[in-house]
Amino acid sequence: MPVNQELVSRLQGLSKERYINDELRYFFCNEKMLSTVVPTIAEKRAQAPGGIGLIIGTGGIFSLLPSLDLEGVIMVDKNPSVLRFSRFLADTIREAQTPLEVEEAVTSFTETDYFTQWMQNRTFSIATRDVSSRRHFAIYLERTLDSEKRYFADVHWSNPDRFREAQETLQHTPIIFINADLNDSTFTGSVADILGTYNAPLSYVNLTNAHVHPWKVSLEALDMLPITDQTTIQYSDYYDPTGKTIEQLHMMIAPSLAEYKQLVRNKGKIK
């Protein structure tokens, strides 16, 4: 079922580009064990298909999307550069003929209008405008894309079969890019009001590893979101479900909002 375009427009109106973080990082997903978790996510989503998804940053959404069965996705980030790159990647996947074409576009991203606009509008001077900085960033994109491909394995969009699925899903699933802070209860309250007005359930939430940084998750703001028992809550952690420390960030699914909130209180460690 197509998502209501008025809903999309109102959600887009919440993006103000007032949150600036000039780091050129986190353009690709850095969680491990993605390929093993995706079937579990797909199984859970099949029990309550449809609805709207919300994700912090990229979270590998373009590879996950075929398994989520959503009507639309809200991508929230404080860093406008992450959103600009994600929009570029979404547009490129939609229009490309092959996944290789997308990968080549990624490595030449520094020559696009997206990157030029970022360089012109950025607030802080972390990178310079010379050729060497552009080349360095292109190499970084290539390496982090390679890592994401390894983590997702056969369910990454670069796999030809998955590419067609991702491309088809992107054709009818709008990605709503919002520059905002999920820690802002005014923002999350506005999201809840808009979704409620259009009877659009929040059926999938990917909070990545925000809970290990206590300043990144406000329980008050989280409580404003219309998360129910039917909502799939995905997150990333350095602890497995038994509380054992693991070296790399792994993607997981929270059994309930209450248990996820306990993670927040414990700064990630399950006690």
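**View 1. Salt bridge between E103 and K149.** E103 and K149 form a salt bridge (a side-chain nitrogen of Lys or Arg within 4 Å of a carboxyl oxygen of Asp or Glu), with the closest N and O atoms 3.0 Å apart. Because E103 belongs to helix α5 and K149 to helix α7 (residues 131-152), the pair ties together parts that are 46 residues apart in sequence. Helices (H or I, at least four residues) are DSSP runs, numbered from the N terminus. E103 is buried, at a relative accessible area of 17%, whereas K149 is partly exposed, at 24%. Buried means under 20% relative accessible area, exposed over 50%, and partly exposed in between (1.4 Å probe, protein chains only). The model is predicted: local features need pLDDT of at least 70, side-chain atom pairs count only at pLDDT 80 or more, and totals for chains, interfaces and linings use all residues. Residues are numbered from 1 along each chain as its sequence is written, and side-chain values use heavy atoms, with hydrogens and water left out.

**View 2. Packing of helix α4 against helix α5.** Helix α4 (residues 80-95) packs on helix α5 (residues 99-107) at an angle of about 150 degrees, and their axes are 9 Å apart. Axes are lines fitted to C-alpha atoms, for helices over the stretch in contact, and angles run from 0 to 180 degrees between N-to-C directions. The angle makes α4 roughly antiparallel to α5 (over 145 degrees). The contact (heavy atoms within 4.5 Å) is made by F85, F88, L89, T92 and I93 of α4 together with V102, A105 and V106 of α5. By class, the contact of α4 with α5 comprises seven nonpolar residues, one polar residue and no charged residues.

**View 3. Salt bridge between D91 and R94 in helix α4.** The closest N and O atoms of the salt bridge joining D91 and R94 are 3.0 Å apart. D91 and R94 are three residues apart in helix α4, which means that about one helical turn separates them. D91 is partly exposed, with 25% relative accessibility, and R94 is also partly exposed, with 23%.

**View 4. Salt bridge between K261 and D223.** K261 pairs with D223 in a salt bridge whose closest N and O atoms are 2.9 Å apart. The pair links distant parts of the chain, with K261 in helix α11 (residues 257-265) and D223 in helix α10 (residues 219-224), 38 residues apart. K261 is buried, its relative accessible area being 15%, while D223 is partly exposed at 44% relative accessibility. The count of salt bridges comes to four.

Notes. Helix = DSSP H or I, 4+ residues; strand = E, 2+ residues; numbered from the N terminus. Parallel < 35°, antiparallel > 145°, perpendicular 65-115°, else oblique. Nonpolar A, V, L, I, M, F, W, Y, C, P; charged D, E, K, R; others polar.
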